[in-house]
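Please keep the sequence and the model in view while reading.

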Amino acid sequence: MEAYKREFIDFMMEVGVLTFGDFTTKSGRKTPYFVNTGLYRSGSQLERLGEFYANAIQASVGTDFDVLFGPAYKGIPLVVTTAMALSRRGHDAAFCFNRKEAKDHGEGGVLVGHKLSAGERVLIIEDVTTAGTSIRETVPVLKAAAEIQLAGLVVSVDRGEKGTGTKSALAEVGDEFAMPTFSIVNVHEIREHVDLGADDDARMQAYLDQYGAE
């Protein structure tokens, strides 16, 4: 496992974003671990987070994109800090994000930041994808703005849970929209790196046996 992945897992645990125990997800599933990206709460944490996203992007797609897009609301700080991290590395990518409701005055519209143009390759920045619902809502917004190309989707953690079939929800989204999907880390890398103890590890195995993708 790459060093930045190990560092990211430690970072999530350090700031309380990644925790282990007994939780219930939005879908109603009982899960032995939880990733709450709403707990990133300082400038230094966001700066570090952007660097981890930049690591994953450079390792997976390099510079094969033109614009970064962050879905409202959690994607907004993510896309800003990632764009800044990439800029420090010499890749000054454009970025934009959406409003939840269209603005009917001033410049109007639902997108803020870079104005999308036909042919531009857009890389979507998300926090955690469990079912892929937010991406299915995001793509029509992008397509309505211009005839863009989807350069991919990057999330911080791939929970590795099955979607509607045997593949992971993240992989299904990639297949549906013909784009690469990847994460900074996935659940298997978390399990490999963290010393969970026998009880937590057993709960993690049982959860993956029930909900994990092939």
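Leaving aside its neighbours within four places in sequence, with which residues is His91 in contact? The structure is a predicted model, in which local features need pLDDT of at least 70, side-chain atom pairs count only at pLDDT 80 or more, and totals for chains, interfaces and linings use all residues. Residues are numbered from 1 along each chain as its sequence is written, and side-chain values use heavy atoms, with hydrogens and water left out.

His91 lies in the loop between α3 (75-88) and β4 (94-103); helices (H or I, at least four residues) and strands (E, at least two) are DSSP runs numbered from the N terminus. Beyond its sequence neighbours within four places, His91 touches Thr63, Phe65 and Leu86, where contact means heavy atoms within 4.5 Å. Thr63 is 28 residues away from His91 along the chain, yet their C-alpha atoms are separated by 7.5 Å. His91 is buried, with a relative accessible area of 17% (buried means under 20%, exposed over 50%, partly exposed in between, with a 1.4 Å probe and protein chains only).

Leu86 also takes part in the packing of α2 against α3, where residues of α2 including Leu46, Leu49 and Ile57 meet residues of α3 including Leu78, Ala85 and Leu86. The axes of these two helices, α2 and α3, come within 8 Å and cross at roughly 70 degrees. Axes are lines fitted to C-alpha atoms, for helices over the stretch in contact, and angles run from 0 to 180 degrees between N-to-C directions. Helix α2 is therefore roughly perpendicular to α3 (65 to 115 degrees; under 35 is roughly parallel, over 145 roughly antiparallel and the rest oblique).

Helix α2 (residues 43-60) packs also with α1 (residues 3-15), at an angle of about 150 degrees and with the axes 11 Å apart. The two helices, α1 and α2, are therefore roughly antiparallel to each other. Their contact includes Phe8 and Phe11 of α1 and Phe52 of α2.

Rings of Phe, Tyr and Trp (its six-membered ring) pair if their centres lie within 6.5 Å; planes under 30 degrees apart count as stacked, over 60 as edge-to-face and the rest as tilted. The count comes to six aromatic pairs. Among them, Tyr207 and Tyr211 form a tilted pair, 5.0 Å centre to centre with 55 degrees between the planes. Tyr207 and Tyr211 are four residues apart in helix α7 (residues 198-211), and therefore separated by about one helical turn. Tyr207 is buried at 4% relative accessible area, and Tyr211 is buried at 18%.
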